[in-house]
Each structure stands twice: as structure tokens, then as C-alpha cells.
Amino acid sequence: MAIAVEMRNITKRFPGTIANDNISFKVQKGEIHALLGENGAGKSTLMNILFGLYEADEGEILINENRVNITNPTVANELGIGMVHQHFMLVEKFSVLENIILGSEPRKGINVDYSKAKKELEQLSAKYGLKVQLDRRIRDISVGMQQRVEILKTLYRGAEIIIFDEPTAVLTPQEIHELLNIMRNLVKEGKSIVLITHKLKEIMSIADTVTIIRRGKVIDSVEVKQTTEHELAAKMVGREVSLSIAKSEQQTKELVLQLKNVEANDNRGLRALNKLTLDVYGGEIVGIAGVDGNGQSELIEVITGLRRTLSGEIVLHGQSIANMRTREVAGKGVAHIPEDRQHRGLVLDFTVAENIVLNSYYKAPYNKRGFLDYDEIYAHAERLVDKYDIRTPSVQTTTRALSGGNQQKAIIAREIVSDPKLLIAAQPTRGVDVGAIEFIHRQLVEQRDMGKAVLLVSFELDEIMNLSDRIAVLFEGEIVGIVDPKNTTEQELGLLMSGQRGKRGERE
């Protein structure tokens, strides 16, 4: 088969690290080629070079077997290369149509020819199975639809080679299924796809070939049908990886968190939590399952003090914490791993050390008579970087420079070291690799085994089934069933997630 992309001997250095070390890589026309590696392995850097966001220090690129010099994304677009970024490049106040044609507007005299653009986009949308509402504003549509907008944007610019950077990191299971179908349609039409991912199941179900990168070097390149999930995991991490965490028998202790008839509105003023009742005990992990948008975010926010309740009780160890300020709630023993690490979990332009003390900088020993003691802060950060395997050139590196998985580890280190009574983990493994997932899961189970109460909110049913001692299913702001993961199936959970009621409220 013809070669769509060839990257030869690519090397890219940043201060203190070699991101890509003499990497060679080929993508055949009409295939889905997965790039697999740990967070920080160099996958995104390599594709940012292909898309013209970075320039390689050494090596060469061939497109359709012709040597090219890709100096910026405009050149990449002209060569038929498009990229769907992990963090979408969209203007929230603009409509879907305006975002797609931005910078490539068709003209009718001096005016933008919106009718022509709309007709062309409707044809593209129908051809590839991309359902979008062109007149809606970006801020008013779902994450899954925003991603479809990004895909349409690349197709509108004539992309024949499309790079997907961690495309399922923020999608629900239903949206992931839709995206994989869209990718299949793209390949049927002759497009070539490079899929940057750490999700082994997705690679096994969608990719033709997989190239594994570890610490900036190519480890192997294999046909997917000739390998297994376990083989890929071991090659990616460099050791055997457990894809399921063994847990000791549950030893529940005292009641830690009580939610009684809690009601709250969402940001639009609509009811998001409806008489929600739930108990969480020390020594257990309670998983919250549900389709995105059924009250998960609001549930976390009312517990942590980020959202006010309308009515109901929130009791922690016998004391009401409803409508307390966030710092007061944290002071009572609630730790929070937020669902959006970049907006809620970290200040990206602060250093790793500063982020690690975000919830304790005002206390001794980090604060002495109103002044930060950076010697103490750096020493504390060094200990946690070592213990939690946070890969960073230095604790004084800005957190923005870390990979997603290492940003997540920094948050987990900060929250667990506070020795909480209740640990709320929201989407704790979103966008992280299999090695980091194993590490994060072990940390959650360890907290449970120490007698802490853990509330796990995740859209990953495998994660919910594997880690939880009880699973509470949330639908339209209510708990519609509480089940034992040992005695349930994904099918039963799916029915509950669609609103079919099951056994309620009893501690099993």
C-alpha cells in the first residue's frame, strides 16, 4: 500500500528533556494507525511536529512520498493534514458554522457567503455521519458535539490525513461509540488517521496498526490483530501491568457522609439534584454511575461547597456541611480530585511545588508569620514527587509543562496527603495512560483499606465495576438504584442509567 505519512529520524529537544529521540514512523493510506504511550512519552510532540506546531531539531517528513517542510499549521492544512486537539480550539461565543469556516470563509464579493458554507457543511456532515447543529453556539452544545465540530473543521479544509489527540478523554461511552463509527466512515472514504491514545480497548477495536513510544523512543510497531491488550500495556510501560486491581474483603466502618433529600439547581437554574439520598461509609468505595449530565457535577459541587443546595441535608461525621465555604469543607476532612484538572484542579502557570500546597499554603510549616517558606514547600513537593512518581524536570517547573497524567498525579498527591475522612474522586483517570491508571486505582483502594470513605464518580463502567464496593446509579438527579458490583452486569447498569428503577438505598 501507498504511504500517506513517513517521519524519519525525528528528534525534538526541550530544556532538560529529549521529547522525541530519533523516531521513525509510517502511516499507510486508508489505515487507522494508533500511537500508544504513557503520558509524557512524546506522542503529542511528534504529532505537533507533523502538524507544524513544533519544528523538529533533526529528521525529515514525507507526505505521499514527497519530502516536505512543515513550518506551521497553515502549511500542514495545505498538505492535507488536519488535527483534532485534545483541548478543542473553538470560540465559545461563535456559532458552530462560524467556528468551522473561521479563517477559510467563502466570499460573495466582500461578504461571507454563509449559504454556500452551510450547504457544503451539510453535505460533509451527511457523508461522514457527523450530526451537528450549525446555528447553535459552541457554549451551548455538548462536548461530543464540539468534537464533531472540530472534525468537520478539518474536513472543510480538505484534510486527507487526520490526527486525533486523545479524542475520547472527555467523552461519555455513548459518544465514544459514535466517534469510533465516524472514524470508520472516514477511513472508508480513503482518509488516513493517526490516533493518539492510551486506551487499549479502543486500539484493539478500531486501529489497524499500533506504534508504541516509551520515553521518547519507538519500542515497537505491530499489527493490532497480532497482539493483545496485555502485550501492549507491558510494551508501553516497560513492565507487566495489572489491568484489574485486587481488593481485600470490604471492612466498612462508621457512617462518614449522609445526603438526605438534597436538591440543587444547575447553572441554568434548572433542577439538577432531586431529593437525592445516599450514605457513604468508611472503608468502602461507592461508585456513581450515570450518563453525563444527570447531576454528577452538581452532586460533587454541593458536597465540596462549590454549589449551594436548595434543601436537604449534607452531614459529615454527624456535622452539617451544607452550604459551607469550600475551605471550611476541606478543613472538615473532605478531599476533592476534580473532574477537570486544568480548570478546577491546578493553576497551570504556578509551579508543581506551588500547586502541591494550594490547599495548605496558609498553614505552618509552609507559612511563617504571613510569608511563604519556599524551602519547606520545595522539600515537601520533592517528597511527593518521589512518592507519587510525578515526572517533572523540577518541582519549580510550571505545571502547564507536565503531561496530563503527571498533572493528575500532582492533584492526587496533594489531596491524599491531607489525610481526608472523605475522598471524592471525579473522573480520576480521564486522559491518563494505563500505567498511571493502575497507580491511581491503587491509591484509591489504599485509602479505602485505611478506613476512609471514597466517593468515585466516573463515566468508565470498567472503572466503576472494578473499584466499587457499591454502585449508586444517578439518573436525572436521583439515585434510581444501588447495586453490588459482584452481582450485577454492565447491561443491568445500562438499564438503570436509562432511568429504569432498581433496588434503592439499602446498604448491601
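**View A. Pairing of strands β13 and β14 in the predicted model.** In β14, tyrosine 281 is the bridge partner of leucine 255. Leucine 255 belongs to strand β13, which spans residues 255-265, and tyrosine 281 to strand β14, which spans residues 271-281. The two strands pair in the antiparallel sense, and seven bridges link them.

**View B. The hairpin of β13 and β14.** Five residues lie between the strands of this hairpin. Glycine 269 adopts a positive phi there, near 85 degrees.

**View C. Pairing of β13 with strand β16.** Strand β13 is also joined to β16, formed by residues 311-316, through five bridges. These strands run antiparallel. Leucine 259 stands opposite isoleucine 314 of β16.

**View D. Packing of helices α4 and α5.** Helix α4 comprises residues 114-128 and helix α5 residues 143-156. The helices pack at an angle of about 110 degrees, and their axes are 11 Å apart. Because angles of 65 to 115 degrees count as roughly perpendicular, α4 and α5 are roughly perpendicular to each other. The crossing in which α4 passes α5 is right-handed.

**View E. Residues at the contact of α4 with α5.** On the α4 side, the contact is made by Ala117, Glu120, Leu121, Leu124, Ser125 and Tyr128. Helix α5 contributes Leu152, Leu155 and Tyr156. By class, the residues of this contact comprise seven nonpolar, one polar and one charged.

Notes
Residues numbered from 1 in each chain as written. Predicted model: local features only at pLDDT ≥ 70, side-chain atom pairs only at ≥ 80, totals over all residues. Heavy atoms only, no water. Axes fitted to C-alpha atoms, helices over the stretch in contact; angles between N-to-C directions. Helix = DSSP H or I, 4+ residues; strand = E, 2+ residues; numbered from the N terminus. Parallel < 35°, antiparallel > 145°, perpendicular 65-115°, else oblique. Left-handed = near helix turned anticlockwise from the far one by under 90°. Contact = heavy atoms within 4.5 Å. Nonpolar A, V, L, I, M, F, W, Y, C, P; charged D, E, K, R; others polar. Pairing = 2+ DSSP bridges.
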